[in-house]
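Reader: Before I rely on any label for this model, I would like to see each value set against its cut-off. Could we go through them in turn?

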Amino acid sequence: MIAALSVSSAIVDVSPFSTTGALLVANVRGMHRDGFYRRLLAYGGVIVLVGPLAAWAVLVVPGRLG
């Protein structure tokens with residue numbers, strides 16, 4: 001349960017809609033803000049798709065093999 005909560009909170013933090021992501025977008029310097037927002041949004045989307053699968057592979061699969 002604790003591992004699932006930890007993975008979920010890490011996945012949420014990379015979104016530009018989270019507090020951390022909004023602060024990152026608001027403080028962009030030397031780069032176009034819209035481009036950075038799109039990159040952060042794409043990165044968040046990839047993490048949302050890959051994160052649960054990676055967590056499952058690391059946390060669940062070894063228990064079923066042993």
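**Labels and their cut-offs**

Reader: Why does Ile-47 count as partly exposed?

Author: The relative accessibility of Ile-47 is 23%, and the scheme calls a residue buried under 20% relative accessible area, exposed over 50%, and partly exposed in between (1.4 Å probe, protein chains only), so the value of Ile-47 falls in the middle class. Please bear in mind that this is a predicted model, in which local features need pLDDT of at least 70 and side-chain atom pairs count only at pLDDT 80 or more, while totals for chains, interfaces and linings use all residues. Residues are numbered from 1 along each chain as its sequence is written, and side-chain values use heavy atoms, with hydrogens and water left out.

Reader: Where is Ile-47 found, and what does Ile-47 contact beyond its neighbours within four places in sequence?

Author: Ile-47 belongs to helix H3, where a helix is a DSSP run (H or I, at least four residues; strands are E, at least two), numbered from the N terminus. Apart from neighbours within four places in sequence, Ile-47 is in contact with Ile-11, Val-14 and Pro-52, contact meaning heavy atoms within 4.5 Å. Between Ile-47 and Ile-11 there are 6.3 Å from C-alpha to C-alpha, although the two are 36 residues apart in sequence.

Reader: What makes H1 roughly antiparallel to H3?

Author: H1 and H3 pack at an angle of about 160°, with their axes 10 Å apart. The axes are lines fitted to C-alpha atoms, for helices over the stretch in contact, and angles run from 0 to 180 degrees between N-to-C directions. Angles under 35 degrees count as roughly parallel, over 145 as roughly antiparallel, 65 to 115 as roughly perpendicular and the rest as oblique, and therefore H1 is roughly antiparallel to H3. The contact is made by Ala-3, Val-7 and Ile-11 of H1 together with Ile-47, Val-48, Gly-51, Pro-52, Ala-55 and Leu-59 of H3.

Reader: What makes Phe-17 and Tyr-37 an aromatic pair, and which kind is it?

Author: The structure holds 1 aromatic pair. The ring centres of Phe-17 and Tyr-37 are 6.3 Å apart, with 80° between the planes. Phe-17 sits in the loop between helix H1 (2-13) and helix H2 (19-26), and Tyr-37 in helix H3 (residues 33-59), 20 residues apart, which links distant parts of the chain.

Reader: Are Phe-17 and Tyr-37 buried, exposed or partly exposed?

Author: Phe-17, with a relative accessible area of 64%, is exposed, whereas Tyr-37, at 29%, counts as partly exposed.

Reader: Why are Ser-15 and Ser-18 placed in the class they have?

Author: Ser-15 has a relative accessible area of 18% and Ser-18 one of 10%, so both fall in the buried class. Ser-15 lies in the loop between H1 and H2, and Ser-18 is found in that loop as well.

Reader: Finally, why is Ala-55 put in its accessibility class?

Author: Ala-55, which lies in helix H3, has 17% relative accessibility and therefore counts as buried. Not counting residues up to four places away in sequence, Ala-55 touches Val-7 and Val-60.

Terms used: Phe/Tyr/Trp six-rings, centres within 6.5 Å; stacked < 30°, edge-to-face > 60°.
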